[in-house]
Amino acid sequence: MSVATYLTHPEVNIDPNVPTPCWSLSNIGRERLQRAIGRGIFDHIELVIASSEQKALDAAEIICDRQDLPFLENSAFDENDRSSTGFLAADAFDTVATQFFEQPDKSVRGWETAIAAQNRIVDAVHKYLTQFEDKRVLFVGHGAVGTLLKCHIGKRQISRDEDQRLMAAKGGGNVFSFDWANRTLLTDWVSLEDWPSGQH
């Protein structure tokens with residue numbers, strides 16, 4: 001079964017003194033996710049695969065605990081490596097993030113390039129959907145690498161116009177589904193609140 005779903009973690013506790021990969025989900029993020037689970041939007045899921053970053057693990061654990069599902073953790077689904085700059089205030093981050101998408105084959109201020117991050121997550125998705133081709137899989141990860149995956153599947157140019165920041169739920173918690181065998185997007189970004197219940 002090549003149809004899968006990708007979820008970006010919802011809102012997090014932002015702490016400049018804590019490395020970004022260690023940030024956890026905020027109460028708002030947890031509540032949004034729990035409400036969505038209560039509506040049955042993940043009832044069709046049989047396996048969850050998460051990034052190794054804490055916020056993604058938090059989201060995966062909430063989903064799996066409520067639905068008694070197994071989940072796997074793999075750093076190949078982590079966000080693009082931004083450790084060279086550490087925490088950036090909103091305006092500075094926005095500038096560098098835009099350059100990241102606009103110059104996909106160049107490292108901006110030491111960040112992992114968009115091309116490298118895209119290749120990493122595409123290879124990981126291919127590995128798992130080949131291994132678990134009989135499962136309905138949910139990937140739980142992050143906005144930038146999720147956008148890069150979406151661009152690959154949809155045969156779209158890497159662009160920040162594809163990013164979830166244009167969604168009403170700018171804090172994350174957005175979803176898209178895709179047919180991996182045919183490299184086809186079945187949806188674009190949809191917020192947790194607008195994602196319909198039932199099988200996708």
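In this predicted model, Ser 83 is placed in the loop that runs between strand 3 and helix 3. With a relative accessibility of 57%, Ser 83 counts as exposed, because the cut-off for an exposed residue is a relative accessible area over 50%. The side chain of Ser 83 is joined to that of Asp 81 by a polar contact of 2.7 Å. Ser 83 and Leu 149 are 66 residues apart along the chain, and their C-alpha atoms are separated by 21 Å.

Asn 80 is also found in the loop between strand 3, which spans residues 71-73, and helix 3, but its relative accessible area is 3% and it is buried, since residues under 20% are counted in that class. Apart from residues up to four places away in sequence, Asn 80 touches Phe 100, Trp 111, Glu 112, Ala 117, Arg 120, Ala 144 and Val 145. One of these residues, Phe 100, lies 20 residues from Asn 80 along the chain, with a separation of 9.7 Å between the two C-alpha atoms. A further link is made by the side chains of Asn 80 and Arg 82, which are joined by a polar contact of 3.0 Å.

For helix 4, covering residues 114-131, and helix 5, covering residues 143-153, the angle is about 75° and the axes are 9 Å apart. The two helices are therefore roughly perpendicular to each other, as angles of 65 to 115 degrees are assigned to that class.

In the loop between helix 3, residues 90-102, and helix 4, Arg 109 has a positive phi of about 55° although it is not a glycine. Arg 109 is exposed, with a relative accessible area of 52%. Lys 155, in the loop between helix 5 and strand 5, residues 174-179, likewise has a positive phi of about 55° without being a glycine, and it is exposed at a relative accessible area of 63%. Gly 154 is placed in the loop between helix 5 and strand 5 as well, but with 27% relative accessibility it counts as partly exposed. The C-alpha atoms of Gly 154 and Asp 179 are separated by 10.0 Å, the two residues being 25 places apart along the chain.

Helix 2 consists of 14 residues, numbered 54-67, and reaches 20 Å from its first C-alpha to its last, which is close to the 20 Å expected at 1.5 Å a residue. Helix 2 is mostly covered, with 10 of its 14 residues buried. These buried residues are Lys 55, Ala 56, Leu 57, Asp 58, Ala 59, Ala 60, Ile 62, Ile 63, Cys 64 and Gln 67. The elements against which they pack are strand 1 (3-8), helix 1 (27-38), strand 2 (47-50), strand 3 and strand 4 (137-141). Just after helix 2, a positive phi of about 55° is taken by Asp 68.

Leaving aside its neighbours within four places in sequence, Glu 11 is in contact with Leu 25, Ser 26, Ile 28, Gly 29, Arg 32 and Gly 171. With one of these partners, Arg 32, the side chain of Glu 11 forms a polar contact of 3.0 Å through the side chain of that residue.

How values were computed. Residues numbered from 1 in each chain as written. Predicted model: local features only at pLDDT ≥ 70, side-chain atom pairs only at ≥ 80, totals over all residues. Heavy atoms only, no water. Axes fitted to C-alpha atoms, helices over the stretch in contact; angles between N-to-C directions. Helix = DSSP H or I, 4+ residues; strand = E, 2+ residues; numbered from the N terminus. Parallel < 35°, antiparallel > 145°, perpendicular 65-115°, else oblique. Buried < 20%, exposed > 50% of the residue type's maximum accessible area, 1.4 Å probe, protein only. Contact = heavy atoms within 4.5 Å. Polar contact = N/O pair within 3.5 Å; in protein donor to acceptor, adjacent residues only side chain to side chain. Expected span 1.5 Å × (residues − 1).
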